Amino acid sequence: MLKIVLTAFLLPLLLLFGLRDGGSSNAPDAAKTSLAEQGESGTLQKMIVASGSVSMDIDLNRINGVTSTRKLETLHFGVAPASFFPVLVFNKVLRRAEPGSMALVPQNNVALPAVLTASLNRLTIEKAHSGEAFGMAVRDAISGFVFFNIEGNLYYDASTQLLGIQGGRLLISEALANRLGRAREAGTQAGTISIDTAVTPIATSTVVNGKLESSTLPPGNALVPGGHVAAPGPDIIVGDLSAMVQADPSSGTQVGLGIGTTSCNNGDQPVHFFAIPNTDHSVVTQNLYRMSGGPNNNDRFEQIGQAWVKHTFGADQDDECNFGCIPWPDSTQLGVGCSDPYSAPENAFYSLLGSRAWVNPFTGAFPSTARNHSGHTHTATSHRVLVAKSDLDTTQNTGATYYGEAEYDTPQEYAWCQAHPGQCNMYNNASYRRFNVTGTTDFTFTPVGATVRMTPATEAWTGSTSVLIEPEPGVDGRAFVVYKVTNPSAGVWHYEYAVHNQNLDRSIQSFSVPLGTGVNISNIGFHAPPNHPGFPNDGTVGNTGFSNDPWIPNQMPSALIWTSETLAQNPNANAIRFGTLYNFRFDADQPPQSANATVGFFKTGSPITVGIQAPGGGGTPTPTPTATATATATATPRPTPTPRTLPTPRTRPTPPPRS
């Protein structure tokens, strides 16, 4: 259910009744929904598996393709003590299992088929996330390969605090059936499984009339072996990008998308989720990127879409990141270790989005009117991740790969950073995930692999090098110059630079690349994602929106310089603002050498140099003038910056060819 349709927040999804899968033998009617709706009172315990044993009776003939006779072999396992497999028990009755896993330690030797032997010492029993076809599975903990899905009911004995499954069915997974070359056998039974474990509480909560009143933990949380170590202070991260959708049927040449996000509290303090007009909450940035070009479709990495920011307004208290959620009693804060989901359609909902123009991404500051939608009507693309159809059309982008990215920015992290120097958590808030795209005019998106947490999407660019830009640590945010040089033909080198502003409020107005003596260049190019059109109350000067004018290249004997308009020329100029990436490219007849590029800023600050690779080497190009500092709606006091040393550039290796 979307949160936006609720008139008041119910008790978080942590307290859902029925199991979606692998139900409990003493679970109540699954048609019932939450403790809040039932108005129940009692004790809710979050428990984890402390120890136990698992046995699997596997029909080896079935695995080997022999169906005429059975050959059962029994595998015995112990449950590793560092496992984290949580369940919820209310008034001594099992409510559900939560996502987690039990690591298995083999206890006997059995001659197994080769397909199983390599993974025997790293098998886990995993509780899947909601919405998956099977609730539990036997998986390789390293590769993620699923061997068997488990069909059966969990039972819980409150008197002995024992949790398990007796006579559960082991069903051949689709992945295993394909690996065996017998796709039709997916879902057929290959044996049985029994699980016997002892569980112990890690959090106990009191519920009165459906409302969570209080929660307590064991002393020092000592009962969570190998548990998550929280960062000091509030630290909201993107734990998962769950889905991406086209919100409405296509209209014109562009589409509007939404990206589902699950935030997690990685810190040791609750994170504020107060709803607007209160300004003490996070805003969510949604972006879309494409990697393409060259013989391996990885020569360039471009941003092709961006949305207005989503204003958060209330937190569930789930544990999708397996940090060990300590739930907050209501929805105004995200408890320590807890997670909060927003669906993709919800993150595309017009009225929850506000213009980026109002937001200082480093301090998290914005006015209480930052989500004002009066005075305009909405279309199929308004405020959503705005993308040209031509950038998604599979017939025009053969072999391209796509990456969704989201970032949560909150004023609470900045305030904590100022009060606790060295405990600044504003730099790990972005995560990304790959999505496959299908369609030519209307599009569907399928996630590929897991979300890469606390990492910007540029890290997906194969073979690139990333260099940090941080003009005033502790005063403003960070950006990156990410680059890659290729040699497409004899005597020709292609230079591709992506300037990515993660959370730098001052924005970027110019980019200069030095040229060595006698270097000849051609095919000069520039790329930027589309800015949204102007709307009343959008925070831009005159409500006209940010410009989409391309940057102008200026080739001089010693440098190639791209610039947008300055702040004085146009306060709505097409500068590189936070959450955006612009591309600069050209071909040259000289190979790369170490050199210094120059980055000039839009709002305030002197240009700085950044180490890159450029044709024929060269020195540092002459910086272009930068506008005098001008106060904005998001301006913040500027303490004295601390000295810093630029980090060593990171280079992503080129993976081996795919077979």
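This is a predicted model: local features need pLDDT of at least 70, side-chain atom pairs count only at pLDDT 80 or more; totals for chains, interfaces and linings use all residues.
Residues are numbered from 1 along each chain as its sequence is written, and side-chain values use heavy atoms, with hydrogens and water left out.

Rings of Phe, Tyr and Trp (its six-membered ring) are paired if their centres lie within 6.5 Å, with planes under 30 degrees apart taken as stacked, over 60 as edge-to-face and the rest as tilted. That rule turns up 22 aromatic pairs. One of them is phenylalanine 526 with tryptophan 551, a stacked pair at 6.0 Å centre to centre and 15° between the planes. The partners sit 25 residues apart: phenylalanine 526 in strand 30 (residues 521-527), tryptophan 551 in the loop between strand 30 and strand 31 (552-556). Strands here are DSSP runs (E, at least two residues), numbered from the N terminus.

Tryptophan 551 also pairs edge-to-face with tyrosine 582, at 5.9 Å and 75°. Tyrosine 582 belongs to strand 33 (residues 580-588), so this contact ties together parts 31 residues apart in sequence. As for burial (buried is under 20% relative accessible area, exposed over 50%, partly exposed in between, with a 1.4 Å probe and protein chains only), tryptophan 551 is buried at 2%, and tyrosine 582 is buried too. Phenylalanine 526, at 21%, counts as partly exposed.

How values were computed
Helices (H or I, at least four residues) and strands (E, at least two) are DSSP runs, numbered from the N terminus.
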